[in-house]
Amino acid sequence: LEEVLKPDMPGQYFALRGGSLGSGGPASIGIAKETGKRVIAVVGDGAFNYTPQWIATAREQGVDVVEIVLKNDSYAFLDVAMAAERQRRGMNEEQLPNPQSFQLETARPTANKKLPVDINYVDIATGYGGRGLRVTSREQIPELIDFVLNTEGPGLVQLDIAKPAGE
C-alpha cells in the first residue's frame, strides 16, 4: 500500500510495522478524534477479527471511520512472520521443538480445510451499528470510492480478494 500511496505528508498517513494485529480500527478512532477528519483504514480480515467492536465505539464517539477489510480468509501476515522468524533462526519446520505451535491450519482455511462458515463482515458492521458494503468485482470500485468518501459514522468495506497462493 505504501508503494502506491507514497506516505509523504505528515499527519495524513499512519502505519504500524507489525505485531499489532487488530489495532487498525481502534487507532483510527483516536486519529479521527484528534484530527476531526475522516479516517480510512485498510486491514486484513485476520486483523479485523481481533477487535470488531471498534465499530460500536466509533459510532458512540461520533467519528467518521471507514475500514476496508481485505477478505482472503487467511492470517497470511502471520504465515509470513513465522517464515521470516524461522529463516532468521536458520530453522526449518522439522527443527522446531513443537512444530504444531507454528502451524496456523487450525486458525485459517487451507486447500484441504475450509472454515465452517463464510464470514460476512458487512453483517458484523451493521450488527455493531455501522454501515457496510461488500465489493466482489472491479466494476464496483466507483461504489467503493463513493462509500469510503461519503459514509457518515463508522463504515466497513468487505473487499473480497484472491486467497494466498497454495490455498
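Started with burial: 30% of the 167 residues in the protein chain are buried (under 20% relative accessible area, 1.4 Å probe, protein chains only). I noted that this is a predicted model, where local features need pLDDT of at least 70 and side-chain atom pairs count only at pLDDT 80 or more, while totals for chains, interfaces and linings use all residues. Residues are numbered from 1 along each chain as its sequence is written, and side-chain values use heavy atoms, with hydrogens and water left out.

Next, the fold. I looked up seven helices and four strands (DSSP runs, H or I of at least four residues for helices, E of at least two for strands, numbered from the N terminus). Along the sequence they read α-α-β-α-α-β-α-α-β-α-β.

The four strands form an open sheet in the order 1-2-4-3, paired parallel (pairing takes at least two DSSP bridges). Strand 1 (39-44) and strand 3 (131-135) are the edges, each pairing on one side only. I got an average twist of 20° from one strand to the next (axes are lines fitted to C-alpha atoms, for helices over the stretch in contact; angles run from 0 to 180 degrees between N-to-C directions). Strands 1 and 2 share six bridges, and V39 sits opposite V65 in strand 2.

Helix 2 (residues 24-35) packs on the sheet, touching strand 1 and strand 2 (contact is heavy atoms within 4.5 Å). Its direction makes about 170° with that of strand 1.

Last, K71 in strand 2 (residues 65-71). Why do I list K71 as buried? Because its relative accessibility is 5%. Beyond neighbours within four places in sequence, K71 contacts residues including D45, D118, Y121 and D160.

Definitions and conventions:
Buried means under 20% relative accessible area, exposed over 50%, partly exposed in between (1.4 Å probe, protein chains only).
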